[in-house]
Amino acid sequence: MSEIRVNVGAPYSIFTESGLLDRLGKEIKKVTGAHKVLVVTDTNVEKLYLSRAVEAIACEGYDVYTFVFEAGERSKTAKTYLDIISALGERGFKRTDAVVALGGGVVGDIAGFAAATYMRGIDVIQVPTTLLAMIDSSIGGKTGVDLPFGKNLLGAFHQPKLVAADISLLSTLPEREWINGIGEGIKYACLDGGRIARIMSDGLNGENICEFVTLCAAYKADIVARDEKEGGLRRLLNLGHTVGHAIEKQSDFAIAHGLAVAYGIGVMLRAAYESGELPRSDFEFISAMLEKAGVFELPEITDEIIAAVAMDKKAEGKDEISAVKIAAVGKCEVCKMTLAQFEKYIRL
């Protein structure tokens, strides 16, 4: 079993190993004094893993309850969040009890936000079941729900007590969710270069997937430890997200988050190359990774996308965007630009 420590104010571990789900109760007991546990999941994961998770937790003496919502980003709403809060209240959860987020990024975000705000904060254990959640969204304490105006506009930082990534769960991952994770994987390849980039270039497979998840998780854990609340350095992790969130929202979430991030990286890649900021060799290397993920043509940058960018969380001040530019493979930079400058940059 691989263990990565996330050295934030309340440190915790990320475990990656096959078969971890069946020992979940034992691992939870090491990090929380809870008596009651609410397992939050979606309708897709419910069919596959909910009963195993409940059994693994209950056998350690916990009172286990479940909350299941319809799978998909469209469920990441204030209503679903309040329904989870109601489930906690109706079952008499105390501040010493805990929430388990069993699922992908949507489950982790909304269950984490419920845990962050119920009784001003109870423990949450993240059990990611998708590639995207294992390498990115379950780590770092970002939680939230979407509002009609944009993604994750209602949220809080709430670090988990534990991240338990059972690599064997990826065996049931649908192709759409696999590609979804690849989008975030390309982000790490651009940011870190090195072994992550080599794996992404060669292609993920059964022999390197555990190493890849561990490397990405370790990269994010290091960034989060140095900038827990996204005051500066952690903004690098938003590569591709400024445009990606806008593309995702404009598609009414028909384009999944990770694929939208890949499109967003493609837009920033094209802008960096056409503006003369990026060497051709790096442009071709990243382009090849994007093509493997199915990104052959980039979406048109419409006025609607620019308007959605203006509402993104990364918009600052009156008319300023915090964007991540690609200078080379393994070298990206956070740049502040006006919305007009950003629009001109990506519409080159």
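1. The lining of the second largest pocket comprises, by class, eight nonpolar, four polar and six charged residues. The structure described here is a predicted model. The pocket has a volume of about 220 Å³. Its lining numbers 18 residues, and those nearest the centre are Ala 10, Pro 11, Tyr 12, Pro 160 and Lys 161. Strand β2 (12–16) and helix α1 are the elements that contribute two or more residues to this lining.

2. The side chains of Lys 29 and Glu 60 meet at 3.6 Å, N to O. Lys 29 belongs to helix α1 (residues 24–31), whereas Glu 60 sits in the loop between α2 (43–58) and β4 (63–69), so the pair ties together parts that are 31 residues apart in sequence. Lys 29 has a relative accessibility of 44% and therefore counts as partly exposed.

3. A second pair of interest is that of Lys 151 and Glu 248, whose side chains form a salt bridge of 3.4 Å, N to O. Lys 151 is in strand β8 (residues 150–157) and Glu 248 in helix α9 (residues 241–250), so this pair ties together parts that are 97 residues apart in sequence. How accessible is Lys 151, buried or exposed? Its relative accessibility is 6%, so Lys 151 counts as buried. Glu 248 is likewise buried, at a relative accessible area of 1%.

4. A further salt bridge links Arg 347 to Glu 343, with the closest N and O atoms 2.3 Å apart. Arg 347 is partly exposed, at 33% relative accessible area, and Glu 343 also counts as partly exposed, at 24% relative accessibility. Elsewhere, salt bridges that share partners join Glu 73, Lys 76, Asp 109, Asp 146, Lys 151 and Glu 248 into one network. The structure holds 24 salt bridges.

5. Eight of its 10 residues are buried, so α9 is largely enclosed by the rest of the structure. The buried residues are His 241, Thr 242, Val 243, Gly 244, His 245, Ala 246, Ile 247 and Glu 248. They pack against β8, α6 (175–192), α10, α12 (303–310), β11 (320–328) and α13 (339–346). After the helix comes Asp 252, which has a positive phi, near 55°.

6. The elements giving two or more residues to the lining are β8 and α9; α9 gives the most, with three residues. By class, the lining has three nonpolar, two polar and three charged residues.

7. The largest nonpolar core has 62 residues. Which residues have the most contacts inside it? They are Leu 131, Ile 186, Phe 212, Ile 265, Ile 326, Phe 342 and Ile 346. Helix α10 (residues 257–274) supplies the largest share of this core, 10 residues. Leaving aside residues up to four places away in sequence, Ile 186 touches Met 200, Ile 265, Met 289, Leu 290 and Ala 293.

Notes. Residues numbered from 1 in each chain as written. Predicted model: local features only at pLDDT ≥ 70, side-chain atom pairs only at ≥ 80, totals over all residues. Heavy atoms only, no water. Salt bridge = Lys/Arg side-chain N within 4 Å of Asp/Glu carboxyl O. Helix = DSSP H or I, 4+ residues; strand = E, 2+ residues; numbered from the N terminus. Buried < 20%, exposed > 50% of the residue type's maximum accessible area, 1.4 Å probe, protein only. Core = buried A, V, L, I, M, F, W, Y, C linked by side-chain atoms within 4.5 Å. Contact = heavy atoms within 4.5 Å. 1 Å grid on protein atoms, 1.4 Å probe; cavity = no way out; pocket = protein on both sides within 12 Å on 5 of 7 lines; lining within 4 Å. Points joined across faces, edges and corners; volume = space filled by probe spheres on them. Nonpolar A, V, L, I, M, F, W, Y, C, P; charged D, E, K, R; others polar.
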